[in-house]
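Could you walk me through the labels in this model and the cut-offs behind them?

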Amino acid sequence: MECMGTTGKNLVKPRVFRALIIGLGVCVLGALAAAGGCVQQPTGLQPLPGSTSGTSSGGPEDAGPGAPGRDLFAAMQGELMQACGTCHDIAGLADTPFLAGPDRYQSFVSWPGIVASTPAQSILLTHAMTGKGHVGTNLDSPALKDTLLPQVQAWLAEEAKSFIAPPVEEGPYIEPFAPIIGFNAVYLEPLGKEFIGMAVTFSAELLSETTLELSNIQLHPTSKAGLHVVHPLFVMYPVGTDPVPDPVDSFSNVDQTFERGQSGTLGPGTLVLVNWQKDARLSLAFEKIELVVPPDPDAGDGGMDPDGCKDLAAFDANAKVNFQQRCLSCHGGGNGQATAALDMSELASNAANACAQIKNRVNPGDPPQSQIFITTNPNGNAAHPYKFGGNGDTFNNFRSAVSIWIAAEQ
């Protein structure tokens, strides 16, 4: 089951929540794929929780007690792993590890598009079915249609109950979804097609059972348009109870503009949620979010600073050819969402512009922690449609070469 997707609505008025926790939509960097390796499949990118390799079904400890959805998942986990684990565990054949351990429930529920407010819209039922383009074992196959499929449908119906409407006035927001312990990316496309490719990224860490820290919160516009954001509000959705907005409304004073092609820290860049609950969902709302578009976004250099990269020679010598070989088929125009998220279309014609774009997704101070590596690591937890075919050596060679340029950008 090669699965990815996302959902969202334009509802919620954050100011009503003042003095009363986060949102996450979909994930990760966009389809960084090898030449010819950009697989057209349901889109939407979001990372997964921590993982281990192998395709064993795991035991009850993988899911653990908790929400009703966990119980239903535990009941079908063995059969699910038997049918899908070879492809969809870490380093699986499909490069889409939505059944990664150790907490397979968390991995499954957090993969974009698997859980939907309308169960029939889950990519499990729109993609992993006969005639829908899925190349693996379909849920309606003779072996599964009377066994696993009914269990999946019951599980989806239970998980759909988490999509409760916020008790506030209308305003833009991302529907609740399961967060990831580790790197997260939420794309803003659910707020409107004009936001395709734009994202909020952050790292999530459980400091205790009731404390979730979000760090390095960044906003990423695209090379064509910037963003003006007013008062982002992070909201927690505990299992079976009403939504709980950030108690201190940490981003209430945020009124920021991010110019096109220029990523940056959102507000204070850190949020600590001291009332976190197991299996809770997250949502991100805005008092206002709007595009900042120049008169002609296609004119001139597209808004990129030709001096955006400090060492263009290092980029040309060590990174450019690797991006052309591994990423250009999607990020060079082959996949609209991927190109909007990370535009490499000018790699051949204007390397300075391409370099400036890619620089927004790297970490010169710690190259291995760059988003372009976190999302494509075959043994990592990010939901990304290309992970070097599970080949760790190929990935390591790519990372080593590109890191020479990234380190030169300090």
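Below, each label is set against its definition, in question and answer form.

This is a predicted model, in which local features need pLDDT of at least 70, side-chain atom pairs count only at pLDDT 80 or more, and totals for chains, interfaces and linings use all residues. Residues are numbered from 1 along each chain as its sequence is written, and side-chain values use heavy atoms, with hydrogens and water left out.

Q: How do you know where in the chain confidence is lowest and where it is highest?
A: The guide is pLDDT, the predictor's confidence in each residue, from 0 to 100. Helix 1 (residues 60-63) has the lowest mean, 38, and strand 6 (residues 255-258) has the highest, 97. Residues 1-65 have pLDDT below 50, yet this stretch has 320 contacts in the model beyond near neighbours in sequence; a contact means heavy atoms within 4.5 Å. Where pLDDT is low, the predicted coordinates should not be read in detail. For the chain, the mean is 80, and 79% of residues reach 70 or more.

Q: What makes a run of residues a helix or a strand?
A: Both are DSSP runs, numbered from the N terminus: helices are H or I with at least four residues, and strands are E with at least two.

Q: Why is strand 1 (residues 182-187) called largely enclosed?
A: Buried means under 20% relative accessible area, exposed over 50%, and partly exposed in between (1.4 Å probe, protein chains only). Six of the six residues of strand 1 are buried, so the strand is largely enclosed by the rest of the structure.

Q: How do you know how helix 6 and helix 11 pack?
A: Axes are lines fitted to C-alpha atoms, for helices over the stretch in contact, and angles run from 0 to 180 degrees between N-to-C directions. Here the angle is about 145 degrees and the axes are 8 Å apart. Among the contact residues are Phe315 and Phe323 of helix 6 and Phe398 and Trp405 of helix 11.

Q: What makes helix 9 (residues 351-359) mostly covered?
A: Eight of its nine residues are buried, including Cys355 and Ile358. The buried residues of helix 9 pack against helix 6 (312-326) and helix 11 (392-408).

Q: Why is Asp249 called buried?
A: Its relative accessibility is 3%, so Asp249 counts as buried. Asp249 is found in the loop between strand 5 (244-245) and strand 6, and its phi is near 50 degrees, a positive value in a residue other than glycine. Most residues other than glycine have a negative phi, and most peptide bonds are trans.

Q: What is the peptide bond from Gly101 to Pro102, cis or trans?
A: That bond is cis, with omega near 5 degrees. Pro102 is found in the loop between helix 2 (68-88) and helix 3 (104-110).
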